[in-house]
Amino acid sequence: MLLLFLAGCSTGDKNASTEKGEVKASDAEDTLIVARLSDAESLDHQFMSTINAASITHGKIYEGLVGRDKNAELQPLLAESWEQLEDTVWEFKLRQDVKFHDGTEFTAEAVKATFDRLLDPEVGSPRAGVLAMVEEVKIVEEHTVQFHLTEPYSPLLSILASHEGGILNPKSIEEYSGEAIREPNGTGPFTFESWTPGKEIILNRNEEYWGTPAKVGRVEFKVIPEETTRTSMVETGEAHIAEPLSIAQFDAVNASQNSEVYQSEGFGTEYITFNVSKEPFNDVRVRKAIAHAIEMDAIRKGVYNNVGGEANSLLGSKVFGYHDGLEPYEYNLAEAKRLLSEAGYADGLEIKLTTMDNKERINLAEVVQSQLKGIGIKVNIEVMEYGTFVDTTHSGNTEMFIISWRNATGDADYNQYNLMHSNSQGANGNTSFYDNPEVDQLIEEARVEADSDKRVELYAKAQEIQMDEVIYIPVRVIENVAAISKDVSGFEISPSGYLEINNVSIK
């Protein structure tokens, strides 16, 4: 009875009040651990080129003038309101209760400094092209700023809501003086603690955040290249989220008592493309022959188990400007062989197919290798670690490769200008090194067109030309997938592919 009495007087509650009356969550309940395939290549929004990197900082450390809600609709964020005064002038009224993580006041000066840096040729940001139409960012008052454009630009708000629109601390800009910022300092719900390249990135809750605070006090993004290790960490409680998740692991994760599969449709697509500036892929007949020799329906079923929708372009079906009437190339081996012979490769040829070290991508490469053998093409598969793969595609040291593009804005301009415009060749996104003046003009016209219907028509025409010239072979619409602990609630992956963790709580 005495033991029972003592047990009743003590508390086993890990959230029990301390002697000072404070309530403190346990470390396990207050730290979110995310196991990821690969590290960020940069923590500077103006130098990073992947959603993988932006997921660490966008909406967590850095915020933009505008954001998106759960339905991907534009919403005020650091700007309370905005107005298009003229075709080429946009005015933003800024919040007056915001501070950067170091206590610096957020004002119009920070907005101007951010975009002046982005567009400064001496800084050399690879993301400058997305806002190349911005002529000047003008301070009107301490909390009012105007964007003056060289020409009308319809997707401006969609870009400002993406990671390229993240507002930097003027002190960081001055400190790093043109170099990539290594210790990000923003206005968001998390502050930066440390980055151990190749190992982990740690963030802490911003206790002085102007908005709704994050529910967890600490986030650890751990680099775990081996997928079975990542998913096992969720199963054993060593991690709460593991991403990306291969389809081969779906059954094992769903069968677990402690984890489950998270899925949501993305804006982007996965596709096979070519370096069209190099032989033999500078010949459209070779590209068409390959397109006719790949049986994509069998690939989506066999490799992806029908996860991810059928794709007919670079744009996912939810992206503004998507062309639903576009027809991909039919499977036709006879036509493929005829085209190869016409191009001078009647006896076949040998090519290199490059992919990152992702299970589905490797499986896809092996199926393509097998299928192209049927028309006399010998495919040598080159598998690379993610960071090396990104560097290789940017440099143009490729022939044929498997890649994806997660549209950060939901607008066709983000795909078309970055992936298909000649100004974007290399690290800016056009890793196919495609150059077509007619397509350039269509993309440029769509950027300045205010009429939505006319913009859709322009993008449709551009996509038709790209399909006719076989710049890419669509594989599938991207499905955002992850393994998550059943103790986690509030986790999402946006259609753009950003990890949304501000509302995550842990049982």
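Visitor: Before we start, what am I looking at?
Guide: This is a predicted model, where local features need pLDDT of at least 70, side-chain atom pairs count only at pLDDT 80 or more, and totals for chains, interfaces and linings use all residues. Residues are numbered from 1 along each chain as its sequence is written, and side-chain values use heavy atoms, with hydrogens and water left out.

Visitor: How many cavities of 30 Å³ or more does a search of the whole structure find?
Guide: The search finds 2. On a 1 Å grid over the protein atoms alone, a cavity is a set of points where a 1.4 Å probe fits but cannot get out, and lining residues have an atom within 4 Å of a point. A volume is the space filled by probe spheres set on the points, with grid points joined across faces, edges and corners.

Visitor: What volume does the largest cavity have?
Guide: About 900 Å³. Its lining has 48 residues, and Met356, Arg361, Tyr386, Ser404 and Arg406 lie nearest the centre. Elements giving two or more residues to that lining include helix 12 (359-373), helix 13 (386-395), strand 15 (400-405) and strand 16 (472-485). Helices (H or I, at least four residues) and strands (E, at least two) are DSSP runs, numbered from the N terminus.

Visitor: And how does that lining of the largest cavity divide?
Guide: Into 22 nonpolar, 16 polar and 10 charged residues. Here Ala, Val, Leu, Ile, Met, Phe, Trp, Tyr, Cys and Pro count as nonpolar, Asp, Glu, Lys and Arg as charged, and the others, Gly among them, as polar.

Visitor: What about the second largest cavity?
Guide: That one holds about 40 Å³ of space. Arg36, Asp39, Glu200 and Phe221 are among its lining residues, and strand 9 (200-205) and strand 10 (218-223) each supply at least two.

Visitor: Switching to pockets, what is the volume of the largest one?
Guide: About 970 Å³. A pocket is an open set of points with protein on both sides within 12 Å along at least five of seven lines. Of the 37 residues lining the largest pocket, Arg68, Asp69, Lys70, Glu500 and Asn502 are closest to its centre. By class, that lining has 15 nonpolar, 14 polar and 8 charged residues.

Visitor: Which residues lie nearest the centre of the second largest pocket?
Guide: Ser154, Pro155, Asp411, Ser452 and Arg455, from a lining of 24 residues. The second largest pocket has about 450 Å³ of space.

Visitor: Back to strand 16: mostly covered or mostly open?
Guide: Mostly covered, with 14 of its 14 residues buried, meaning under 20% relative accessible area (1.4 Å probe, protein chains only).

Visitor: What does strand 16 pair with?
Guide: Strand 12 (259-274) pairs with strand 16 in the antiparallel sense over 12 bridges, and Thr273 has Tyr472 as its bridge partner. Strand 11 (residues 241-243) is also antiparallel to strand 16, joined by 2 bridges, with Ile241 opposite Ile484. Two strands pair if DSSP finds at least two bridges between them.

Visitor: Which residues touch the most other members of the largest nonpolar core?
Guide: Leu65, Phe147, Ile290, Leu372 and Phe491, out of 145 residues. Strand 16 gives the most to this core, with 7 residues. Such a core is a set of buried Ala, Val, Leu, Ile, Met, Phe, Trp, Tyr and Cys residues joined through side-chain atoms within 4.5 Å.

Visitor: And what is Ile290 in contact with?
Guide: Leaving aside neighbours within four places in sequence, Ile290 contacts Phe274, Phe281, Ile351, Leu372, Ile377, Met400 and Ile473, where contact means heavy atoms within 4.5 Å.

Note on methods. Buried means under 20% relative accessible area, exposed over 50%, partly exposed in between (1.4 Å probe, protein chains only).
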